[in-house]
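Please look over the sequence and the structure below before reading on.

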Amino acid sequence: MVKIILRDKEYEIHPGMTLLSALKKIDILPEAVIATRGGELIEEDEILKDGEIIKLVAVISGG
Amino acid sequence: MKCRTCGKKASVNMRQHKLALCKEHYLEWLPAQIERFIKKYCMFAHGEKILVAVSGGKDSLSLWDILHRLGYQADGLYICLGIDEGIAYSSESQRLSERFATDNGLKLNVVNIQQEYNETIPELAGRTQRGKGKPCSVCGLVKRHVMNRIARDLGYDVLATGHNLDDEAAVLFGNTLTWSGEYLLRQGPVLPATPGLARKVKPLFRLYEREMLAYALLRGIEYIYDECPFALGSTSIYYKELLNKLENDRPGAKLSFYLSFLEARKKGLFAEQEQVQQELHPCPNCGQPTSAPGLCAFCRMLPGD
């Protein structure tokens, strides 16, 4: 499984889909986040592999 | 997805520009864009003294970083608002701003609201009509007053803030929903200096908030990730989310919304009835301009006044 983390929420999705499909599946707007894997930024066409942890950074912050 | 410049794997894809770039070329591209906008909109020149309002967030720290790298003479201003709310929001923001300044050998001016005015922002808000419900209006008023005072007192030529396109588009959206003509006339990337008021500029006004986040992450800038506890559920964040939904379906919609507004105003869309020059008077206490004779809104709010 692939683990996706956004703030204090965690999601698990099946491997083999693109980041864009994964975000759609967990109902997160791609515009609202930047995805990172091991500290590197990844883009929407990236295929997620089993065991990976994707950390999403929320675009809106501050106040 | 590949970098348009070198063909390596892209780190950032900007659908609104149909442009994908790798880390190296993104970190070159974004400051070059900002330099272009600074010149195009006549914000400031090399040699002028710039005061950058820094909050510890990604936008203002990235702006400071970029201006410094572009060779501008830019000092920082951090305003400690005294917002704790269980997450030490202000003290953590200050720590990050001070650390950025130290790491880059930059000068940071710090103003502590509680030390200068005897009350924190939540305390000021709790005591005044303006702050009923949420302190955001009081916070905005205090920040505008202090930024202008420091810029004026310390002889800066211009005050630069980290407002990005999403900030500007959300404000424009709110003002358009209510057709607030007076605000629509004033909103813009450059507010020229007037007697008592420093020139204000927003060099990031054409950059998406997502682009600024990508810059901060790729550059390794440590910023405060938490939202201001009082901003949670705010109208401006709601508008940003709505605009992001639009952007998702129609890449470039946010940029087009804001730029076409500027263009329409330039052509006189809001002119005739609204273009009444408001007479300003100096506040007898602080000297800053105010619309009505007597104390300004900031001085009326202070304890004991």
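**Loops, helices, a sheet and a contact between chains**

B:E85 has its place in the loop between strand 4 (73–80) and helix 3 (89–104) of chain B, where helices (H or I, at least four residues) and strands (E, at least two) are DSSP runs, numbered from the N terminus. This is a predicted model, in which local features need pLDDT of at least 70 and side-chain atom pairs count only at pLDDT 80 or more, while totals for chains, interfaces and linings use all residues. Residues are numbered from 1 along each chain as its sequence is written, and chains are lettered from A and ligands numbered from 1 in the order in which they are written.

- Most residues other than glycine have a negative phi.
- The phi of B:E85 is near 50°, a positive value in a residue other than glycine, and B:E85 counts as partly exposed because it has 13 C-beta neighbours inside 10 Å.
- A residue is called buried if 20 or more other C-beta atoms lie within 10 Å of its own, exposed if 12 or fewer, and partly exposed in between, with the C-beta atoms placed from the backbone.
- B:K18, found in the loop between strand 1 and strand 2 of chain B, also is not a glycine and has a positive phi of about 50°; with 10 C-beta neighbours inside 10 Å, B:K18 counts as exposed.

**Helix 1 of chain B**

- Helix 1 (residues 23–40) of chain B has 18 residues and reaches 26 Å from its first C-alpha to its last, close to the 26 Å expected at 1.5 Å a residue, the expected span being 1.5 Å times one less than the number of residues.
- Its buried residues are B:Y26, B:L30, B:I34 and B:I38.
- Seen down the axis of helix 1 of chain B, these buried residues fall within an arc of 105°, so they line one face of the helix; the arc is that of the directions from the helix axis to the C-beta atoms.
- An α-helix has 3.6 residues a turn, so residues three or four places apart point the same way.
- On the other side of helix 1 of chain B, the exposed residues are B:E28, B:A32, B:R36, B:K39 and B:K40.
- Helix 1 of chain B is followed by B:C42, which has a positive phi near 50°.

**Helix 7 of chain B**

- The 13 residues of helix 7 (residues 165–177) of chain B should span 18 Å at 1.5 Å a residue, and this agrees with its end C-alpha atoms, which are 18 Å apart.
- Among the buried residues of helix 7 of chain B are B:L165, B:A169, B:L172 and B:F173.
- After helix 7 of chain B comes B:W179, whose phi is positive, near 45°.

**The sheet of chain A**

- Five strands of chain A form an open sheet in the order 2-1-5-3-4, and the pairing is mixed; two strands pair if DSSP finds at least two bridges between them.
- Strand 2 (9–13) and strand 4 (40–42) of chain A stand at the edges with a single partner strand each, so one side of each is left without a neighbour in the sheet.
- Strand 1 (residues 2–6) and strand 5 (residues 53–58) of chain A pair in the parallel sense over four bridges, and the bridge partner of A:I4 in strand 5 of chain A is A:I54.

**Where the chains meet**

- 26 residues of chain B are in contact with 15 residues of chain A, contact meaning that the C-beta atoms of two residues, placed from the backbone, lie within 7 Å.
- The elements that give two or more residues to the side of chain B that touches chain A are strand 1, helix 2, helix 9 and helix 10 (235–249) of chain B.
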